[in-house]
Amino acid sequence: MMNDIVESDDIVTSNIVIMKPKCNLRKLTLLSTAIRNENFRPKADIEDWIIKYSAHDFHVNYRMTQDTFYNLLDFLQQVSPEFCQENFVGGNTSISVKKKMLIAQWYFGKEGSMQAISDHFNVVKSSVYNILNDFMNIIISNFKTFIHWPSRQECLVIEERFKLKGGIPGVIGAIDGTHINVKAPLKQADSYTNRKLGKSMIVQAVCTEGKIFTNISVGFPGRIHDARVMVNSELYKQVSENGPSSLFYDKYHLLGDTAYPNREWLITPFKNYGNTTRRKTKFNYLHAKTRVAIECAFGLLKERWRRLLYLNKTKIENAPKVILTCCFLHNFCLVNNDTMSAILTDFKKMQTPQVVIREDYIERQQGNFKRDQLLNLLVPPNN
């Protein structure tokens with residue numbers, strides 16, 4: 001084949017071809033194609049991958065149903081037409097938007113390396129990296145489309161659904177933090193070391209009864225306590241600067257565990273020092289029964305998008321992009337009624353330590369007063 005391609009006066013030595021200046025472009029293209037074909041990878045029709053998968057197998061491998069996949073495709077075509085274009089500039093065949101999406105879904109849904117993804121989808125490793133980077137940038141730039149604080153009208157619906165759990169009125173969200181295991185930088189290893197001596201990054205989230213996230217704060221090292229994470233989050237800053245009414249409309253509140261300070265807008269359980277009354281014990285039970293939504297949300301997030309089980313990122317600053325993208329995809333799937341309930345297994349949440357922190361006296365008293373009101377409403381004194 002080399003002899004057919006190369007001019008008669010070209011020099012061929014040990015598979016090294018020295019081309020004379022007069023060799024035409026067509027022959028050079030044929031030669032480069034022949035060299036690329038030596039590194040053979042199996043070819044597959046992307047349409048076949050989507051259509052010929054059984055519904056269950058596609059759901060398991062790509063972590064969403066085929067209907068949700070096409071809904072995400074429509075969303076990407078609306079917000080980023082350039083990502084969906086197939087610009088062929090010569091050389092290898094261009095990568096279709098469907099293949100880009102499958103690569104992204106495979107990456108976030110599994111724990112394999114980029115090299116494994118490259119081999120599986122018949123693309124070079126650099127293309128996998130560029131596709132993932134472009135995909136995450138698009139998602140983050142449109143983050144608030146599917147993760148946003150509820151409006152006053154939406155709070156009415158959220159409150160009613162929470163009330164069905166434990167009867168507590170005024171609840172529009174459950175708040176908690178979870179740890180994402182990461183590859184910590186050597187010079188900052190201590191900062192990322194959590195109480196279980198693992199290296200992690202903390203995600204604080206607020207969710208509805210349906211496990212849909214309404215607020216996300218990410219990027220805090222694993223050594224930080226939940227209460228400190230909250231104080232440094234955008235949620236707390238907005239409450240401090242604009243007042244609780246800016247988010248809670250003078251009537252609503254969140255539920256959090258005892259790691260958080262009790263506030264008028266954040267109700268926590270009564271701490272058990274060995275002398276808790278039956279009324280307070282029952283209140284704590286109803287509180288936990290309602291608050292468990294955030295535990296379930298974190299479990300679903302990590303079980304569906306298994307990349308979050310360990311982020312082996314060389315640059316720790318890139319880890320929040322992966323986490324935020326997974327949270328977005330989590331919400332997108334739930335909005336499209338894609339729960340994976342028949343596929344996922346239970347996930348045990350990593351607990352965080354509970355410590356007493358310094359609180360503002362007035363805010364603490366306001367929180368205690370509101371919690372006592374809820375206690376008297378749910379568990380009357382004569383019970």
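Okay, quick definition before anything else: when I say helix or strand, I mean a DSSP run, at least four residues of H or I for a helix and at least two of E for a strand, numbered from the N terminus. And a reminder that this is a predicted model.

On that count, the protein chain comes out with 16 helices and 7 strands. The chain has 383 residues, and 48% of them are buried. If you take the contacts with a separation of 6 or more, 69% of them join residues 24 or more positions apart.

Let's start with the strands, and with β3, which runs over residues 171-181. How much of β3 is buried? Well, 10 of its 11 residues are, so the rest of the structure largely encloses this strand. As for partners, β3 pairs with β4, residues 200-207, in the antiparallel sense, and there are 8 bridges there.

Next up, a pair of helices. In general, you describe two packed helices by the angle between their axes and the distance between those axes. Here I've picked α8, residues 114-121, and α9, residues 125-141: their axes come within 8 Å and cross at roughly 105°. Anything from 65 to 115 degrees counts as roughly perpendicular, so that's what we call α8 and α9. Who's touching whom? On the α8 side you've got Met114, Gln115, Ile117 and Ser118, and on the α9 side Lys125, Val128, Tyr129 and Leu132. By type, the residues of that contact split into 5 nonpolar, 2 polar and 1 charged.

How many disulfides does the structure hold? The number is 0. Take Cys296: the nearest cysteine sulfur belongs to Cys207 and sits 8.4 Å away, and Cys296 is in no disulfide. The cut-off for a disulfide is a sulfur pair within 2.5 Å, by the way.

And is Cys296 buried or exposed, or something in between? It's partly exposed, because its relative accessible area is 39%, and the in-between class lies between the 20% and 50% limits. Cys333, on the other hand, has 0% relative accessibility, so that one counts as buried.

That's my tour, so over to you for questions.

Methods
Residues numbered from 1 in each chain as written. Predicted model: local features only at pLDDT ≥ 70, side-chain atom pairs only at ≥ 80, totals over all residues. Heavy atoms only, no water. Buried < 20%, exposed > 50% of the residue type's maximum accessible area, 1.4 Å probe, protein only. Axes fitted to C-alpha atoms, helices over the stretch in contact; angles between N-to-C directions. Parallel < 35°, antiparallel > 145°, perpendicular 65-115°, else oblique. Contact = heavy atoms within 4.5 Å. Nonpolar A, V, L, I, M, F, W, Y, C, P; charged D, E, K, R; others polar. Pairing = 2+ DSSP bridges.
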